[in-house]
Amino acid sequence: MSGAGMMKVVQIDAPASISLVERPKPAPAAGEVRLALTHVGYCGSDLSSFQGRNPMVSFPRVPGHEIAALVDALGEGVEGLSPGQPCTVLPYFNCGTCIACRKGRPNACRNNQTMGVQREGAMASYACVPAAHVIPVDGFAQRDLALIEPIAVGFHAVERSGLDADDTVAVLGVGMIGLGVLLGAVARGARVIAVDVADAKLDLARRLGAAETVNGAAEDTVQRLAELTGGDGPTVIIEAAGAAATFRQAVDAVSSCGRVVYVGYTKTEVSYETRLFPMKEIEIFGSRGATRDDFRRVVDFLRARPGIGDLIVSSMPGIAQATVAMLAWAADPGAVTKIVVEMDTAATETA
């Protein structure tokens with residue numbers, strides 16, 4: 001049991017070191033909201049931080065930006081929110097002055113700070129955030145509020161692609177972000193081909209709406225995508241695996257006049273057959289994070305499909321088991337789709 005005014009916090013102390021610690025329960029400053037966290041998802045960036053592969057992180061760092069919460073207390077000047085209100089959080093903080101911000105694309109801010117990466121995250125009993133970043137959401141299972149942000153990243157990639165119902169889209173990599181892409185494509189009525197190297201992930205992709213699947217470990221991905229599209233290739237390919245091989249496959253497999261969107265990124269160099277760029281007259285886009293509009297689209301989509309969270313969430317440990325869950329994920333990343341940590345504000349004493 002925490003002492004009066006203290007709370008439980010998950011903290012990545014250093015690469016390969018994670019612990020459950022106590023910190024003082026925060027008080028909201030003017031313009032801020034204190035949230036009582038109910039569920040927080042582990043993101044792939046949290047795993048990379050734990051593994052020491054995230055150059056944007058300094059230690060110690062509280063992870064977590066996939067947030068389900070209840071409004072707990074309001075700082076001075078905050079209006080339009082009420083204690084007890086369920087919500088999620090837009091966890092990206094932009095500078096407002098760089099060229100991306102001036103173009104109205106704050107998700108691509110040159111000076112972006114994301115909770116759990118460049119600034120403290122929300123894997124704690126309580127957290128304070130600016131009221132402008134709080135997004136109230138009613139009519140959801142509380143756990144599923146933590147799925148909005150990662151799915152929104154996939155929806156944003158779909159938005160970047162200009163996908164419509166006439167397109168066939170191949171999603172390369174159907175981890176959590178790839179599943180968000182898949183769901184965003186399904187929402188637009190497109191035909192979806194899911195590509196991965198894990199049969200369990202491909203089975204989940206089919207259950208979530210993929211028309212066909214390709215196991216890249218057992219089949220030639222480019223050849224199989226051509227076969228499934230009458231020799232044309234998919235009109236859209238969205239890369240969500242972050243591997244050099246899939247970066248190249250996207251360009252090799254996409255149809256003439258098709259579009260490629262990269263959500264993932266690889267730390268190794270990628271070699272392309274550059275003649276395909278002009279010969280196919282393809283369009284290539286990057287996709288980063290998500291916008292408030294993407295969050296809104298995901299909320300509408302999930303509200304109409306309340307069973308999706310049951311399919312996606314691999315496990316839901318309590319905060320006391322959060323460190324063990326991270327260790328297990330690091331030991332076998334392919335076995336996990338989504339870990340959502342259930343927080344424990346009830347065990348926190350209030351001063």
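This is a predicted model: local features need pLDDT of at least 70, side-chain atom pairs count only at pLDDT 80 or more; totals for chains, interfaces and linings use all residues.
Me: What is threonine 323 in contact with, leaving aside its neighbours within four places in sequence?

Reply: Threonine 323 is in contact with Ile18, Ser19, Leu20 and Tyr42. Those count as contacts because they have heavy atoms within 4.5 Å of it.

Me: What makes histidine 39 buried or exposed?

Reply: Take its relative accessible area, which is 8%. The cut-off for buried is under 20%, so histidine 39 is buried. Histidine 39 belongs to strand 3 (residues 32-41). Setting aside neighbours within four places in sequence, its contacts include Glu66, Gln142, Met316 and Val340.

Me: And glutamine 113, why is that one called partly exposed?

Reply: Partly exposed is what sits between the two cut-offs, under 20% for buried and over 50% for exposed. Glutamine 113 has 31% relative accessibility, so it counts as partly exposed. Glutamine 113 is found in strand 7 (residues 113-114). Not counting residues up to four places away in sequence, it touches Pro91, Tyr92, Phe93, Gln118 and Arg119.

Me: How far is glutamine 113 from alanine 194, C-alpha to C-alpha?

Reply: Their C-alpha atoms are separated by 31 Å, with the two residues 81 apart along the chain.

Me: What makes strand 10 and strand 11 a pair?

Reply: Two strands pair if there are at least two bridges between them. Strand 10 (residues 168-172) and strand 11 have 5, so they pair, and they do it in the parallel sense. Between the two, the chain crosses through helix 4 (residues 176-187), and this β-α-β crossover is right-handed.

Me: What about strand 11 and strand 12, how many bridges do they have?

Reply: They pair in the parallel sense over 4 bridges. Valine 195 stands opposite valine 214 in strand 12 there. The chain gets from strand 11 to strand 12 through helix 5 (residues 199-207), again in a right-handed β-α-β crossover.

Me: Which residues touch the most other members of the largest nonpolar core?

Reply: Out of 48 residues, those are Ile148, Ile151, Val169, Leu182, Leu183 and Ile238. Helix 3, strand 10, helix 4 and strand 11 are among the elements that each supply at least two residues of this core. Helix 3 gives the most, with 7 residues. As for leucine 182, among the residues it touches are Val171, Val192 and Ala194, not counting residues up to four places away in sequence. Apart from this core lies another, of 40 residues, including Ile12 and Met123.

Me: Which strand gives the largest share of the lining of the second largest pocket?

Reply: Strand 8 does, with 5 residues. The pocket is lined by 17 residues, and Met115, Glu120, Gly121, Ala127 and Cys128 lie nearest its centre. About 260 Å³ of space lies in that pocket.

Conventions. Residues are numbered from 1 along each chain as its sequence is written. Side-chain values use heavy atoms; hydrogens and water are left out. A crossover is right-handed if, with the strands pointing away from the viewer, the path from the first strand over the helix to the second runs clockwise. A nonpolar core is a set of buried Ala, Val, Leu, Ile, Met, Phe, Trp, Tyr and Cys residues joined through side-chain atoms within 4.5 Å. Buried means under 20% relative accessible area, exposed over 50%, partly exposed in between (1.4 Å probe, protein chains only). On a 1 Å grid over the protein atoms alone, a cavity is a set of points where a 1.4 Å probe fits but cannot get out, and a pocket is an open set with protein on both sides within 12 Å along at least five of seven lines; lining residues have an atom within 4 Å of a point. Grid points are joined across faces, edges and corners, and a volume is the space filled by probe spheres set on the points.
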